[in-house]
Amino acid sequence: MDLGSLVSGTINDTVRVSLPLFRVELVIAVSVVLVLLARMLPVLRWLDSGLVALGGACFATWYGWADLQTVQQTVPQAGGFREELFGGLLVFDSLTATIRLLLAAFLALYIVFTKVSGIPDREDGADFYVLVLGATLGMCLMASANHLLMVFMAVEMASVPSYALAGFLKGRKAASEAALKYAVYGAGAAGIMLYGISLLAGVLGTCHLPSMAAEMGRIVGEGKASGEIMVLSLGGLMLAVGLAFKLSAVPFHFWCPDVFEGAAAEIGAFLSVASKAAAVALAVRLVFGLGTVADGAAAGAVAAGLADVRHFMVYVVGLMAVATCTLGNLAAYGQTNMKRLLAYSTVAHAGYLMMGVAAAGALAGVDAAGAQRAVAALAFYLGTYLFMNLAAFAIVAVLRNRLRSEEIASYAGLVRTNPGIVVATTVVLVSLIGLPPLAGFVAKFLIFSSLVKAIASTAESPLMLVILIVGGINTVISLFYYLRVLKVMTFDSLPEDRVAEPAGAFSLAGGLVAALAVPVVLFGILWSGLYGFAQLAGSFAS
Amino acid sequence: MDPAAQLPLLLGLAWLTPLASFVAILFFGPRMGSHGRNAAWVATAAIVTSLVLSLTAFVVWLGAHPVTAPAHGHGDSHGEAHAADHAAAAADGEHAAFRQVALRAGDAAALPGADGHGDSDHNAEAHGEPHLPAAYAGDWYTLYEGGRLKLSIGWYIDALTVLMFVVVTFIATCIHVYASGYMHDELHDVTDHEVTLADGHHLHRPGRFPRFFQALSLFCFSMLGIVIAGNLAMVFIFWELVGICSWFLIGFYYERKSASTAANKAFIVNRVGDFGMLIGLMALWGALGTLSFADSTAVGPDGHETVTPGLFSLFRPAETGHALQVPDGMVTAAAASEVATIAADHAATPADSASEIAARVPGWREAGLGRWLLVIAGLGIFCGCVGKSAQFPLFVWLPDAMEGPTPVSALVHSATMVAAGVYLVGRFFPVLSPDVLLVIAYAGAITLFIAATIALVANDIKRVLAYSTVSQLGYMMLALGVGGWVAGLFHLVTHAFFKSLLFLCSGSVIHACHTNDMRKMGGLIKVMPWTGYTMLVGCLAIIGAGIPFVIGFSGYYSKDSILAQALSFSQANPSHTILYWAVAGGAFITAFYMFRLWFMTFMGTPRDHHVAEHAHESPNVMVTPLVVLAVLAVAAGWALPGGLGVANLLEQARPAGTAEGMTGGFAFGQRLVFPAEHESHVGAVHVTATTTAFATALAGVVLAAAMYLWRLISPAGVATVFRPVYAFLAGRWYFDELYDVLFVKPTLGIARLASGIDRGLIDKLIDGLAWTARRLAGLDAWIDKTVVDGLVNATANATWNAGLKMRAVQTGRLRQYVMFIVVGTVALFVLASLAFRSSVAG
């Protein structure tokens, strides 16, 4: 094979295979350029950067939708639709397509939300949207990474703009502090992650996930080189640290409350939804990428080795999930600031999601259908979580604009002045608790049912049982602090010095909140449609 | 121009327009002008539209079916022949069918003998084609169809339907116009002086102008629904709808206890009648499987037409020359055990059993099987009519119903709804057996007599009219009961005009005097001449005034024909002569109390100056309907040259087979002869009847004038002389008291007993259980508070403290955070290597 054919082969592969399946990311990248151009060129000054970004997001959503259709049509084939892009750096499959669509759709909704809530203002809009678009691009890559180098790059690509976003409220001490904490913490986590990657690469001689899995299965399966296994597990743990940082999993969650409280509610919405979705997708990607190999190639010792690898990962993820969920819910108890409360709520929900990841990992390689359902549950959870949390932060933003405060105490007696918002808050918070008939219940139910499935049919059943019990107890615990907010809103008397202007019958902000809250109810009752897409996401796990 | 297509369309629209008005006022009533002023316009516009459509339908009908004067081809000579007819009919013996009385003397020989065939031949030979009423029937919408049950919204349109539409919409129009003036008090806040609240003040409430017209529109829709209905199920639906409208309207001033009681009384008493009606409906449907009046033709998928016979042709099939017979369905239902035996014998071949049953049916019918079902069906339907048309013994609700606003009394409780019972008996007439007809006749006679006597002594102007209504409804029932189909329905139409006129006049008087008590009136003719003279017209019409054999008010014609038919019936059945005397006596009493009313109200000198000073003529919007109705009260009985008149129009709708008389009957153990109606037009009968009517009416008027105008006889003196009778009548025959003792008290007693058992026994038991439960709950609460809550609180405290401790870790110091990364990683590693030494690292 000479250089020429290699180059032409690469070009051919890039142009014919990779780029068409990469168009969502391309559209986002082009939007970034457009927004920047519009800011720089005086001719395009009149263009509202938010609208440009929204256009890009809509295009990306459209392409994401079209890609999902492609996947949907080919799913019945064995193994689903799987295409490695750019020489194996990325992978395009049903999970990529679904998460990308989710991210793109979220982006569009999110831009609308920021336009309504008024942060950023027009002057800062271009910077803001460039950062948001850039971070989303990174998140898309997280969802499709197939190579540890890409994993690292994608995580950094998603994180670095987030650091800047956290400090976006210039001149606010809390915001600057939050940004600094986030950046330093992120740098630390990234360093450890990179160290872990280098350890893994050093032992296995590759960063391509499927190749790593095969090699790891071989090494562990033979079980002779205990030193290598030690290094491998250390490297894996360090990789997990980077991921846990993105997921804000305990004990790497410290940044989360400070950043959420310091940054604007809009930033919180972005971090808690998009970042979480991408991180969960990446976690699934890594668990399946490192824990399984493509159809049936694994046999004998390799398979046994892979089972051990999975066992290790499931335990790490599962124990972290238990800790994350419990700590998140407990720490939310005494919070007085709504954003900080939501930050802990985000931590807790990361815990629930990681329970699902653990269940999926436990079922992988044992019960393909069960693993698919577990991933589907995760995707469904992310889909509903998008609306729940976006709505929650939108409510915080709307109330901030109205009350000039984000303290829970300032919401006292809100039901008498803004009953509509209180109803929406009730819907959203009750859904976050996970009570029927709202979307959060269905999502949690699906996660727990995959745990039950894992209890029944996997070697990790004791752990799964613990997780299930902890998850159930946590749901009960979480009732308290969510309902406390509602109690303040409804039962407490209106403060004398309330500056609230009476809300009109219909406002743009109210409409937005309603538009976000309605799906929460809808998906709680008519959830089969969304679940259809979620099942599609799960179908990659063969 | 196909009337079969046009008539349902026109009348259907006329029927639905008031519904549209009802819906519009229901939803937008209060927003129609200030206090819903324009609701009157909406309702009136709707009913005027209905009137125009009905009139158009009337014209279409006349175009398709020209009305001609009946050809009295039989001449007077044939009167004598009847004896022979009746004799021959009676000689038939206990026959299967109710024999028709032959028309001509010569036909008597051709009457079917005991062999029981040849009926249809006989009819065809004697009269050419047998008389069939022109009618259109069909379904708009099928509510439900399954098995034998078919419930549909359909139409049955004949001359009677068209006539009733015109009458109802016309009177309703007049009353809508009148009411828009009469109800103007409701346009602003009302202080009801008849309702005293607990604090001693009178009730003050907002006006309910739109609500009145809303109910009125709904009533018109329901009433027209009864008239157009194509089957008994639909009749029943709208029957109940008019009932509920009546309840709304009687209870319009529901804050008055009397009004709400009267509304409930009307509704409950009607339920009693409707219970009987339901039994009748069940008997019909259970035995025959259809409630539709007319035959219906269904075109099957193969283009083959199947005719499903309706009630009329089941009871009076063409094969028997439309003579009433017990339908096959009722015969087989009564012979259920034999049918079961036959079916068991031919279990293998169902077709054989069907044919054998068909062959045995005539025999069973000869044996009288199924007759009871026929009687039950007829009496059941009549029961409903007794309730709705306020016949004895259920007439007690109607006088109380006068608590409603006067326009309601005029429309609902005199002209239309209460006439619905008479209408239904008329519509159902072909199905009624001689026994049932006799019951109807006697019920009508008793009603007319009782009500008339009570009216003699009543002092409330509206109550006099109410009892007069009951009495006149009795007339109609009696007329139908003695076979006078046209006479009864003719009186229904004329009565609708003059009674609504009378009520509107009384309303005008009440409006002016603010009292119902005639003893406080007097001399009003001077201040309200329009009302006075139009009311005089109404009085003359109701007593049937006229120049004998020349011309008269509308009541003259209809009452004469009732009298004539009653006379004709009592001549044929000497044992029932009392029916004739009831009619004649009733005519006398009617004349007396109507003129007593008129004299007391309008003549003489004012008896209460307070009332007289405030009296004034009513506004034009109220007087105009009076004049219009007065014109019709005079002219409704006339026939135009060429024969166009109510009676001849009704003749077109005469049910098949009823033009001839009927004989039969078994329940009373004797033969009854129902003479054909045209026989009452025969000279001897007619003259006697007319003379009697004139004489009795004149006598009544003269007596009334002697007592109340010329004051030759003192009413008080008469009352003293006949004290017991007077008290009995003034007490309204003590029917209310009787029912109170017989039904209301026992019911309340049972209710009290039940409530006593409930309170004394069941409640005590439940209280005891509750007490036990409370004790147990107290114990439980104690355990809960000390043990469970203690645990829970301890857990909660622990959780809360844990939460606070978690917060404590969150110091906010960046250096510590970064430290935690390292610590966390190491901790994770240590944990992992400890936990998995065996499995992975080992």
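View 1. With 28 C-beta neighbours inside 10 Å, Ser248(A) counts as buried. Here buried means 20 or more other C-beta atoms within 10 Å of the residue's own, exposed means 12 or fewer, and partly exposed is in between, with C-beta atoms placed from the backbone. This is a predicted model, in which local features need pLDDT of at least 70, side-chain atom pairs count only at pLDDT 80 or more, and totals for chains, interfaces and linings use all residues. Residues are numbered from 1 along each chain as its sequence is written, while chains are lettered from A and ligands numbered from 1 in the order in which they are written. Ser248(A) sits in the loop between helix 9 and helix 10 of chain A; helices (H or I, at least four residues) and strands (E, at least two) are DSSP runs, numbered from the N terminus. Its phi is near 55 degrees, a positive value in a residue other than glycine. Most residues other than glycine have a negative phi, and most peptide bonds are trans.

View 2. Look for Arg711(B) in the loop between helix 26 (683-709) and helix 27 (715-721) of chain B.

**View 3. Two cis peptide bonds.** In chain A, the bond joining Pro436(A) and Pro437(A) is cis, with omega about 5 degrees. Pro437(A) belongs to the loop between helix 16 (419-433) and helix 17 (439-457) of chain A. Over in chain B, the bond from Phe392(B) to Pro393(B) is cis too, omega being near 5 degrees. Pro393(B) is in the loop between helix 13 (371-388) and helix 14 (397-400) of chain B.

**View 4. Where chain A touches chain B.** Here 31 residues of chain A are in contact with 24 residues of chain B (contact: C-beta atoms, placed from the backbone, within 7 Å). On the chain A side, helix 7 (173-204), helix 9 (226-247), helix 10 (255-262) and helix 12 (300-331) each give two or more residues. That side divides into 23 nonpolar, 5 polar and 3 charged residues; Ala, Val, Leu, Ile, Met, Phe, Trp, Tyr, Cys and Pro count as nonpolar, Asp, Glu, Lys and Arg as charged, and the others, Gly among them, as polar.

**View 5. Helix 11 packed on helix 12 in chain B.** Helix 11 (residues 336-345) and helix 12 (residues 350-366) of chain B pack at an angle of about 145 degrees, with their axes 8 Å apart. The axes are lines fitted to C-alpha atoms over the stretch in contact, and angles run from 0 to 180 degrees between N-to-C directions. Val339(B), Ile342(B) and Ala343(B) of helix 11 meet Ser353(B), Glu356(B) and Ile357(B) of helix 12. These contact residues divide into 4 nonpolar, 1 polar and 1 charged.

**View 6. Around Leu478(B) in the largest nonpolar core.** The largest nonpolar core has 252 residues, and Leu478(B) is one of those with the most contacts inside it. Such a core is a set of buried Ala, Val, Leu, Ile, Met, Phe, Trp, Tyr and Cys residues joined through C-beta atoms within 7 Å. Leaving aside neighbours within four places in sequence, the contacts of Leu478(B) include Ala441(B), Leu448(B), Ala566(B) and Val583(B). A second, separate core of 239 residues includes Leu54(A) and Tyr333(A).

Note on methods. Contact = placed C-beta atoms within 7 Å.
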